[in-house]
Amino acid sequence: MIMIMTLQFDTLFKNANLATMDPAIDAPYGAIKKGALGVTDGRISWIGKIDDLPEYKAKDVRDCGGHWMTPGLVDCHTHLVFGGNRAREFEQRMQGVSYEQIAKAGGGIVSTVKATRETDASVLLVSASLRLIDMTAQGVTTVEIKSGYGLDLETEIKMLEVAKTLEEEENIRVKTTFLGAHALPPEYKNDPDSYVDLVCEVMIPRITELNLADAVDGFCENIGFSTLQIRRVFEAAKKHNLPVKLHAEQLSKQGGAKLAAEFAALSADHLEYIDEEGVQAMAKTGTIAVLLPGAFYFLKETQKPPIDLFRKYGVPMALATDCNPGSSPITSPLLILNMACTLFGFTPEEALAGMTREGAKALGLGAEIGTLKVGKSADLAIWDFEHPSELSYWLGNYSCSIRMLKGKMYE
Ligand code: NIG
Ligand code: FE
């Protein structure tokens, strides 16, 4: 006797073109045209051609009218929580003062540190929520949020708690990253190594104890920390079983990417000044290259990250907004896709992969999100356009019509 199983869906999307971004599907964008996708208990439970859909029962059936569905976007590098802004420094930079000069004169990151220390958690929450609303309107379902504008234990905790609260209040998946080694706080001005001691011996243990961070990051740069200092931070992270990431080779070549690879970092980010040896080291450990065209554009950088080398050695390239007040005050993931194409030479398909599949990997979430695939979390977005290249084409001013996070629909 042949048993015919009736599939049970909470939601069934039918008549959709699916940009699955699944590399196992041999078509541009991993596309399944005239497709359907079923959701059960917050997970993708069926995916395929609508004609192949077996017998089913569904609580909610949505006809997508031939529109495109993509995985929910993943913004894997942001500094979304901060006080104040740096428009006056932008003005200075437009008059010819460099980002490094501003930092060396006591401005830059440290001026946001001052503002963030002085701003109440409730006010930080409201301003970050507003930025997040822009992102979710453009299909973001997962965002990474870094600390690093506190540089004292109390304010670093305040920032990470605000990031966690956003997850509870804003219908978004949040991954938090502790970025204590972002800049030298003024009170340690002449004693950087003592500040690194504080990061390693006090902050990382306490933040781990409070379960406030999913990863540890640093800024490896002349105006940040040396590879020796970052090595100590990474060792402390390892001791506390936290994965690492690194702002590396952004303004100059420091060897940070190689160091990140040595610690099997989830990602090395920025990477304009990485050399071939650094790319090879990343390839060996599967460290993701997170490229940030918003910062490249806003700082008027001219050295591009070597995307041909990343392609050559098979280093996956993720993209993110790097939303922050100093180098990338942008809340549009779609504008980032466009910039990756126009400024870095990504194809629109690589750009979308960068903000979905590869962004997920850069957060250690490759098995859970980032592609439309049976078993993964039902995190997706539906767009009323005719081809997925439109995501990189419209200069950022496009909203999705439906967003789903963990099977829950937001329209
Ligand atoms: O990703 N490079 C260091 N950190 C940030 C900028 C922080 C700032 O200027 O406030 C970045 O570009
Ligand atoms: Fe950053």
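**Close-up views of the model**

**View 1. Arg311, with a relative accessibility of 34%, counts as partly exposed.** In this scheme buried means under 20% relative accessible area, exposed means over 50%, and partly exposed lies in between (1.4 Å probe, protein chains only). This is a predicted model, in which local features need pLDDT of at least 70 and side-chain atom pairs count only at pLDDT 80 or more, while totals for chains, interfaces and linings use all residues. Residues are numbered from 1 along each chain as its sequence is written, chains are lettered from A and ligands numbered from 1 in the order in which they are written, and side-chain values use heavy atoms, with hydrogens and water left out. Glu350 is also partly exposed, with a relative accessible area of 22%. The side chains of Arg311 and Glu350 meet in a salt bridge of 2.8 Å, N to O. Arg311 belongs to helix 11 (residues 307–313) and Glu350 to helix 13 (residues 348–354), so the pair ties together parts that are 39 residues apart in sequence. A salt bridge is a side-chain nitrogen of Lys or Arg within 4 Å of a carboxyl oxygen of Asp or Glu. Helices (H or I, at least four residues) and strands (E, at least two) are DSSP runs, numbered from the N terminus.

**View 2. The side chains of Arg117 and Glu187 form a salt bridge of 2.8 Å, N to O.** Arg117 is in helix 3 and Glu187 in the loop between strand 8 and helix 6, so this pair ties together parts that are 70 residues apart in sequence. Arg117 has 26% relative accessibility and counts as partly exposed. Glu187 is partly exposed as well, with a relative accessible area of 46%. In the whole structure, a search finds 22 salt bridges.

**View 3. Glu91 and Arg88 are joined by a salt bridge between their side chains (3.3 Å, N to O).** Both residues lie in helix 1 (residues 87–94), three residues apart, about one turn of the helix. An α-helix has 3.6 residues a turn, so residues three or four places apart point the same way. Arg88 counts as exposed at 66% relative accessibility, whereas Glu91 counts as partly exposed at 43%.

**View 4. Four strands make an open sheet in the order 6-7-8-9, with parallel pairing.** Strand 6 (73–75) and strand 9 (215–218) stand at the edges with a single partner strand each, so one side of each is left without a neighbour in the sheet. On average, neighbouring strands of this sheet are turned by 25° against each other, direction ignored. Strand 8 (residues 173–181) and strand 9 run parallel and are joined by three bridges; two strands pair if DSSP finds at least two bridges between them. Phe178 stands opposite Val216 in strand 9. Helix 6 (residues 192–209) packs on the sheet and touches strand 8 and strand 9, and its direction makes about 150° with that of strand 8. For such angles, axes are lines fitted to C-alpha atoms, for helices over the stretch in contact, and the angles run from 0 to 180 degrees between N-to-C directions. Contact means heavy atoms within 4.5 Å.

View 5. Four bridges join strand 10 to strand 11 (residues 267–270), and the two run parallel. Asp269 in strand 11 is the bridge partner of His247.

**View 6. Helix 3 (residues 109–118) has Ile109, Thr112, Val113, Ala115 and Thr116 as its buried residues.** The cover over these buried residues includes helix 2 (99–104), helix 4 and helix 5 (153–169).

**View 7. Val126, Leu130 and Ile133 form a nonpolar surface patch with about 280 Å² of accessible area together.** Patches are made of residues with over 30% relative accessible area and no salt bridge, joining like charges within 9 Å and nonpolar side chains (Val, Leu, Ile, Met, Phe, Trp, Tyr) within 5 Å. Accessible areas come from the Shrake-Rupley method with a 1.4 Å probe; for residues, only the protein chains shown count as cover. Ile133 is part of helix 4 (residues 121–137) and counts as partly exposed at 44% relative accessibility.

**View 8. Asn15 is in strand 1 (residues 7–19).** Asn15 is partly exposed, with 29% relative accessible area. Asn15 and Cys64 are 49 residues apart in sequence, and their C-alpha atoms are 5.4 Å apart in space. Neighbours within four places in sequence left aside, Asn15 is in contact with several residues, including Gly35, Ile50, Asp63 and His67.
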